[in-house]
Protein chains: 2
Amino acid sequence: MTTKRGAKATIRDVAAAAEVSVAAVSAALNGKGSLKAETRERIQREAERLGYRPSRVAQAFREGRIGAIALVLPLMDSVDEQQRLIGLDYYMAIAAGSASAAFAAGYSLTLTPPLSSREQWRMVRADGVVLCDPVADDERLTVLDEIGVPVVTIDRDPTREPMPPYAAGDNYANMRLLLDHLDDEGARRIALLSADSSWAWTQDGDRAYAEWCAEHGHEPLRVPVPLGKGDNDALEATVELLQRAAPPDAVIASAEQYTAGVVNACRKLGRRIPDDVMVAVGVDSRSALQNDPPLTAIDLHPHQQGEAAVRLLLDRLAHDAARPDPVIVPSTLHRRASTHRG
Amino acid sequence: MTTKRGAKATIRDVAAAAEVSVAAVSAALNGKGSLKAETRERIQREAERLGYRPSRVAQAFREGRIGAIALVLPLMDSVDEQQRLIGLDYYMAIAAGSASAAFAAGYSLTLTPPLSSREQWRMVRADGVVLCDPVADDERLTVLDEIGVPVVTIDRDPTREPMPPYAAGDNYANMRLLLDHLDDEGARRIALLSADSSWAWTQDGDRAYAEWCAEHGHEPLRVPVPLGKGDNDALEATVELLQRAAPPDAVIASAEQYTAGVVNACRKLGRRIPDDVMVAVGVDSRSALQNDPPLTAIDLHPHQQGEAAVRLLLDRLAHDAARPDPVIVPSTLHRRASTHRG
DNA sequence: ATAGATTCGTGAAACGTTTCATTTTGGAAA
DNA sequence: TTTCCAAAATGAAACGTTTCACGAATCTAT
């Protein structure tokens, strides 16, 4: 049998050309088995001549696994609506950490674009899925469960039973850490910008804020700010806050998205940071670090969260029934100039 | 033959359980063929009962393609050195655009972590690769060519023959556009921060700058700034520039990474933007847009570049021999307050 | 020269799915 | 009852690779 024109050469074509068995070709090309050096070279020459490339998908098939883990980021959902993707540092670090851990284990990391219908989900070719920030009753988890793809989440699933394994920071403790810090630095009226959503980190943060305020006899000053596209929602909310009769002396931006808005609102109104108003952010980012002055923020170590999530997933893949314990990645408070009055 | 304990159920197990042929099971589960409704339901029930999930890798194998495209970003290279990934808006938008185009065509997008050895490259499971910012004599392209994986680059490969298809902005024209704009706004001493590298966009930009300066009788003020990890290399370079005896009245930050450094240097020295010094950026980003004042910048439309690159790649995959023409994605100059003196 | 050991190479199975040509079944028309 | 046709279901091939148990050839030591 001779090579068909136009068709890619297979291992069989090489075997025929070199007048050996397919097994010999496989051995020669993978450096296994015991072949005479001369034979090995001849096979390699023929393979080269025919432009033979092993079919990656056939190799994958034989090995029994796709060798890829899918990462589902919420920000991907906005791709089609907005031409421009808002790539948050937090998610990018998660992606990097996941990729790193996946690759260390011989897997690659697949980004999944917005997936709405079940049909679309079915075509996700991955051995498992890491899903970021599930909402309550997240339909995506339902579908993935139906399809039988193992899932690990980053940030806890608020409602699902049984709860998929997850990696996360301690959102409740983090909010209190931030509040305690601001209190130490002399803030007495601490406002909070946070989103109305069913995400666990939002809920946990709000709860911590409410409880802390109650414990300390502070009036809660929470302003809901949508997390969507509007870059200046946070700006407007902050402006409104600062113009109140009794303005706050500290503002917590719970999300990375709010950072620029809060800072620009202060600048616009001529309020100095930290002298007139302290600013702290719930999620560290480049813009917090590079701001003038640098902003106090909580580093959730998203890189580690990504790594941890992938490792949990690989655990699940290895021992089928196992349902590993959640991993709580410790967070770090970076005390910076925005919350310290000289 | 009965289902082995522990092993995943295959289509054969379902067939046995439902007492039909494997072909019937396949047809029932995929909604094809002509099966009696009753049979179809019975098969579905059995599949459900056994927890049967079609093997995605076997499906992929049958279909003859992996169904994934790999995206190689330069920033991924820093993952292991630095725990924290610097996720540039530019690359994130490329990722989003690529993902979007890939998915529209039934492919998913795979991120590949740093790949050094040939061995590592061999395990990249993708039908093709989009490689961002190739350097001169990029070893990765050599390896990919050896392995026989089709490649498309974003930004032109400076040296390789035959040159792989690519998508890119018009770097040369963009630099001149920026310079003309600053000239129009009254700048007379325009400095350029750019990197010493073999990347095409750097080279093109430098060439455009040199030629433009010569044409306009301006003294070239180019300062090389490494693109690596150091966040404050750009800051130091700018400080040095502004403290010269004859300081520039405009600074071009050619890379997104320089943005914060340049702005903070101005702030540190008390130079107002744009009154004392204009600032423009060669790559638009959130930090440019959200800065106070917003920074004039060139929008390279990286989302479209990602889309274009993937489409080129899919073209190559479809018609094997074809070597499509490069796609030059038009860029947009966003004129913002940082280069306009009220 | 023969047994044993070593080296070199082979044939065939297996992975799980889909497809397609073919066979069986059931029912209606003659 | 027989004939014919559509509907329903089947068996087997094909996808390209790796692996594994085994056979043939060559060499070494008795």
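**Entry 1: a helix in chain B.** I began with helix α1 of chain B, residues 11-18, where B:Asp13, B:Val14, B:Ala15, B:Ala17 and B:Ala18 are buried. I count a residue as buried if 20 or more other C-beta atoms lie within 10 Å of its own, with C-beta atoms placed from the backbone. Helices are DSSP runs of H or I of at least four residues, strands are runs of E of at least two, and both are numbered from the N terminus. I then looked up the partners: the buried residues of α1(B) pack against α2 (22-30) and α3 (37-50) of chain B. Contact here requires C-beta atoms, placed from the backbone, within 7 Å. Just after α1(B), I found B:Glu19 with a positive phi of about 55°.

**Entry 2: the source.** I am working from a predicted model, in which local features need pLDDT of at least 70 and side-chain atom pairs count only at pLDDT 80 or more, while totals for chains, interfaces and linings use all residues. Residues are numbered from 1 along each chain as its sequence is written, and chains are lettered from A and ligands numbered from 1 in the order in which they are written.

**Entry 3: chain A overall.** I list 13 helices and 12 strands for chain A. Of its 342 residues, 49% count as buried. For contacts between residues at least 6 apart in sequence, I note that 68% join residues at least 24 apart.

**Entry 4: the two copies.** I superposed chain A on chain B by a rotation of 180° with 0.2 Å of shift along its axis, at RMSD 0.1 Å. That is the relation of a two-fold axis. In chain A, A:Thr110 comes closest to the rotation axis, its C-alpha at 2.0 Å. The copies meet through the same surface, because 98% of the interface residues of chain A are also interface residues in chain B.

Definitions and conventions. Buried ≥ 20, exposed ≤ 12 C-beta atoms within 10 Å, placed from the backbone. Contact = placed C-beta atoms within 7 Å. Least-squares fit on C-alpha atoms with pLDDT ≥ 70 in both.
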